Amino acid sequence: MNLDTLQRTLTIQNHNHSRRNKGKQEITVLYCRLSQEDSTNGDSDSITNQKAMLEKFARDNQLYNTKVFIDDGYSGTNFNRPGFQEALDLINNGEVKTFVVKDLSRFGRSYAEVALYTEILFPKLDIRFIAVNDGVDSDKQDATEIDFAPFRNVFNEFYAKDTSKKIRTVQRAKGLAGERIATHAPFGYIKDPEDKNHLLLDEVASKIVKKIFSYCLDGFGPSKIANKLREERIPTVKEYKTKNSNPTCEWHANGVTRILERPDYLGHTVNFKTYTKSYRDKRKIWNDPKDWAVFKNTHEAIISQEEFDIVQKMRQQRRRHTKSNKVGLFSGLVYCPDCKSRHYFCTGKSVSPNQERYVCSGFRNRFINCKTAHYIREVKLTEIVLADINEKIEFLKHYEKQFIESLAKRAKTDQKKELRKAEKRIIEAKKRANELDNIIKRLYEDNVLGKLSDERFEILSKDYEFEQTNLNQEVISLESQLSKQKEETESIQKFLKVVRKYTTLEELSLNIVNELIDRIEIHKPDKSTGKRTQQIDIYYNFVGNLVDFTRTN
C-alpha cells in the first residue's frame with residue numbers, strides 16, 4: 001500500500017468510523033501468519049501454536065469478541081494476503097478495536113509497510129495494536145518496546161531479504177543441475193509419487209493438450225480454440241486441477257497460448273522461464289528463452305518436435321481473418337519474392353470460391369510500393385500445390401535414398417564456401433583472443449609497476465576486454481554455423497517422417513498444408529509469349545525448395 005492509497009483508505013475509514021453503530025460490539029482481530037520459509041523454524045511458529053497463544057492472551061487480558069484470521073504459506077514481504085485483506089475489510093467498516101499478533105515478524109517483514117499500518121493507519125483509527133512477544137502495545141505509550149519496534153521491523157525485513165537470497169541461490173543450483181524447480185507439474189502431467197523430480201502423463205489432461213495442438217494444426221487460432229473447448233464443456237486448467245464439480249469451462253485465448261508455447265510438452269525440463277525482481281515484488285516476469293535452462297528427454301512427450309515446430313511457426317505467421325470470417329487454405333504462407341510482403345487472402349460474401357485469390361499486400365502500399373499487382377486464385381494454387389505434393393510423395397516412394405543423398409549434397413555445396421570462411425575466422429578470432437589475454441596481463445603488470453597510470457590502464461583494459469567479449473561471441477556464432485551440417489541431416493529426417501504419413505492425396509486440408517508447407521512465393525506474371533504464365537516456388541518445412549526433385553518415369 002503506497003501513501004496515496006493509504007490516504008484514500010483513511011478517508012473511507014474515518015467516514016465509516018463516524019457512522020459506526022453505537023450498539024455494535026467491536027472486534028478483536030487475532031492474526032496468524034506463516035510462510036513456507038518460516039515453517040522450518042519449528043513448532044513455536046506454527047499456525048496452531050500462534051492461534052492457541054493469541055486466544056489465551058485475549059482471554060487473560062479481557063479482549064472479547066475475537067476473530068481469528070490466518071495466512072498459512074504467505075510471505076511477510078507484502079500485505080496482499082487473503083487473511084489480512086479480510087481483516088482489513090473489517091477495519092474499513094470501522095468494526096475493529098484491537099489487532100493482536102504473536103510478534104512483529106508475523107505481522108509483516110516489510111519495514112515501510114508495517115510502519116504504514118502500525119504508526120499511521122492504526123493510530124489514526126484508534127485501533128490498539130499488540131505484538132505479544134515483542135512487548136509492543138500501542139495503549140502503553142511509555143513502553144520502551146514501542147521505541148524499539150521500528151528497529152525490530154528493520155531486522156525482520158533484513159531477515160526476509162537474507163532468506164530470499166539464500167533460497168534463490170539454492171534454487172538456482174538445483175535448476176542448473178537439472179532438478180525440476182517448478183512447484184506444480186505442467187497441465188497434462190502429474191508428479192511421480194516415487195520421484196518428485198519426474199513427471200508422469202495425466203491420461204485425461206494430456207488428451208486435452210493434444211486436442212489443443214491438433215486444433216491449432218487445423219488452422220484455428222487461440223480464440224477459436226478457446227471457443228471450441230467451451231462448446232465441448234472441457235474444464236479449464238484451474239478447474240481440472242482443483243477437481244471442480246461444476247466447471248464453467250471459460251477458456252480464454254491467453255490460457256490456450258500458454259499451452260501452445262510450452263516446451264515441457266516435448267518431454268523437456270525447462271527451468272528459469274520466469275523470475276521475480278526482488279523478495280518484495282513477487283510478480284513473475286518472463287525470461288528471454290536464451291536464459292532458460294533446458295534438459296531434454298526427462299519425461300514422456302505429449303507433442304512431437306515436428307508438431308511443436310509447426311505450431312510455433314503458425315503462431316508467428318498469424319493468419320489474417322477476412323470480414324466474412326473465412327480463412328484461406330494458404331493464409332499466412334503466401335509471399336511476394338520481390339517486395340517480400342505477404343499476400344492477403346481476398347474473399348467476400350458475394351465472391352464465389354472460384355474468385356477467391358491471394359493478392360500482394362505490397363502493391364499500392366506507399367511504404368513498399370510493389371510494382372505489380374500480381375495475384376493467384378486459390379483454386380489454382382490448390383491445384384498446383386496438391387500436384388506438387390503428390391509428385392514428391394510418389395518420388396520418395398521409389399527414390400528415397402537418392403533423395404536423401406541429393407539433399408545432403410545440396411546442403412554441403414551451399415554451405416561449403418561459408419563453412420570454410422567460418423573455420424578460418426574461428427582460428428583468427430581465437431588467436432586474437434589469446435593475444436588480448438597476454439596484452440591485458442602486460443597492462444596489469446605495467447600498472448602495478450607504475451609504468452602505466454590507473455586512468456590509462458582503465459581506458460585500455462576496457463577497450464581490449466570489449467574486443468575480447470565480441471570475439472568470444474563471434475566464435476560461438478561461427479561454431480553454431482559449423483554444426484548446421486548435422487542439423488540439415490536431422491531436418492531431412494523430420495521431413496521424411498511427415499511425408500511418410502501420407503499416400504496419394506485427393507485433397508488438401510489446413511492440417512496437411514501446415515505440416516508440409518513452409519512458404520509459397522508467387523512471382524509476377526509473364527505475358528511475353530502472349531500467354532499468361534506465373535512462377536510458383538513452394539518451400540517445404542525442414543528442406544526448403546524441392547524444384548529439382550521430380551518423379552522419374
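Ser 331 is buried, with a relative accessible area of 4%, where buried means under 20% relative accessible area, exposed over 50% and partly exposed in between, for a 1.4 Å probe and protein chains only. Ser 331 lies in the loop between helix H11 (305-317) and strand S12 (334-335); helices (H or I, at least four residues) and strands (E, at least two) are DSSP runs numbered from the N terminus. From Ser 331 to Cys 346 there are 15 residues in sequence and 10.0 Å in space, C-alpha to C-alpha.

This is a predicted model, in which local features need pLDDT of at least 70 and side-chain atom pairs count only at pLDDT 80 or more, while totals for chains, interfaces and linings use all residues. Residues are numbered from 1 along each chain as its sequence is written, and side-chain values use heavy atoms, with hydrogens and water left out.

A pair of aromatic rings is described by the distance of the centres and the angle of the planes. Rings of Phe, Tyr and Trp (its six-membered ring) pair if their centres lie within 6.5 Å, and planes under 30 degrees apart count as stacked, over 60 as edge-to-face and the rest as tilted. The structure holds 27 aromatic pairs, including the two below.

| Pair | Centre to centre | Angle between planes | Type |
|---|---|---|---|
| Phe 84 and Phe 107 | 5.8 Å | 70° | edge-to-face |
| Phe 84 and Tyr 117 | 5.2 Å | 80° | edge-to-face |

Because Phe 84 lies in helix H3 (residues 82-92) and Phe 107 in helix H4 (residues 104-107), their pair ties together parts that are 23 residues apart in sequence. The pair with Tyr 117, which lies in helix H5 (residues 111-124), links parts of the chain 33 residues apart. Phe 84 and Tyr 117 are both buried, and Phe 107 is buried with a relative accessible area of 0%. One aromatic cluster includes Phe 84, Phe 107 and Tyr 117, and Phe 79 is also among its members.

Over the face of Phe 79 lies Arg 81, at 4.4 Å from the ring centre; a charge sits over a ring if NZ of Lys or CZ of Arg is within 6 Å of the ring centre and within 35 degrees of the ring normal.

The axes of helix H8 (residues 222-231) and helix H10 (residues 253-260) come within 8 Å and cross at roughly 105°. Axes are lines fitted to C-alpha atoms, for helices over the stretch in contact, with angles from 0 to 180 degrees between N-to-C directions. H8 and H10 are therefore roughly perpendicular to each other (65 to 115 degrees; under 35 counts as roughly parallel, over 145 as roughly antiparallel and the rest as oblique).
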